[in-house]
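Colleague: Can you walk me through the charged pairs and the helices in this model? I'd like to follow along on screen.

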Amino acid sequence: MPRTSVIQEEWWDLKAEVSWGSAPVGQDVVALLAENDQYRRALSGRAVVDQACGMVMALTPCRRGVARNLLVDVSRQCDLKLREVAAALVATSEGKSLPGQIQRALRRALRRLHTADLR
């Protein structure tokens, strides 16, 4: 006899029905929920990185790859995740100030970028 479970996840207000023969549902469902959560975090991080790349591209006329590499360079210098640097940069459009550590690293990266363009 098939076994059916209903799962309610509050954050997204989703309901899913899962049916299997006689296999236990619990561990499979937990693994799928964890995987979905991981994908959600990755996608939200990607959005903020794309916004920050757009800001860099608008402020310093460069291509997307150059802008992303600049942000990666800043994140390495500051020992922060790329999405943290990107979020801090995007927050400046809402009136928040850029942390000093990121500001200094961004200036250094921009100087290197401009020096490379002059060659």
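**Salt bridges and a covered helix**

Modeller: Let's start with Arg-112, which makes a salt bridge with Asp-73, their closest N and O atoms sitting 2.3 Å apart. A salt bridge here is a side-chain nitrogen of Lys or Arg within 4 Å of a carboxyl oxygen of Asp or Glu. This is a predicted model, where local features need pLDDT of at least 70 and side-chain atom pairs count only at pLDDT 80 or more, while totals for chains, interfaces and linings use all residues. Residues are numbered from 1 along each chain as its sequence is written, and side-chain values use heavy atoms, leaving out hydrogens and water.

Colleague: How many residues apart in sequence are the parts that Arg-112 and Asp-73 tie together?

Modeller: Helices are DSSP runs (H or I, at least four residues), numbered from the N terminus. Arg-112 belongs to helix α4 (residues 100-118) and Asp-73 to helix α2, so the parts tied together are apart in sequence by 39 residues.

Colleague: Which residue forms a salt bridge with Asp-50?

Modeller: By this rule the count is two salt bridges. In the one with Asp-50, the closest N and O atoms are 2.3 Å apart, and the partner is Arg-64.

Colleague: Is Asp-50 buried, exposed or partly exposed?

Modeller: Buried means under 20% relative accessible area, exposed over 50%, and partly exposed in between (1.4 Å probe, protein chains only). Asp-50 has a relative accessible area of 35%, so Asp-50 is partly exposed.

Colleague: And how many residues of helix α3 are buried?

Modeller: Helix α3 covers residues 82-91 and is mostly covered. Its buried residues include Leu-82, Val-85 and Leu-89.

Terms used
Helix = DSSP H or I, 4+ residues; strand = E, 2+ residues; numbered from the N terminus.
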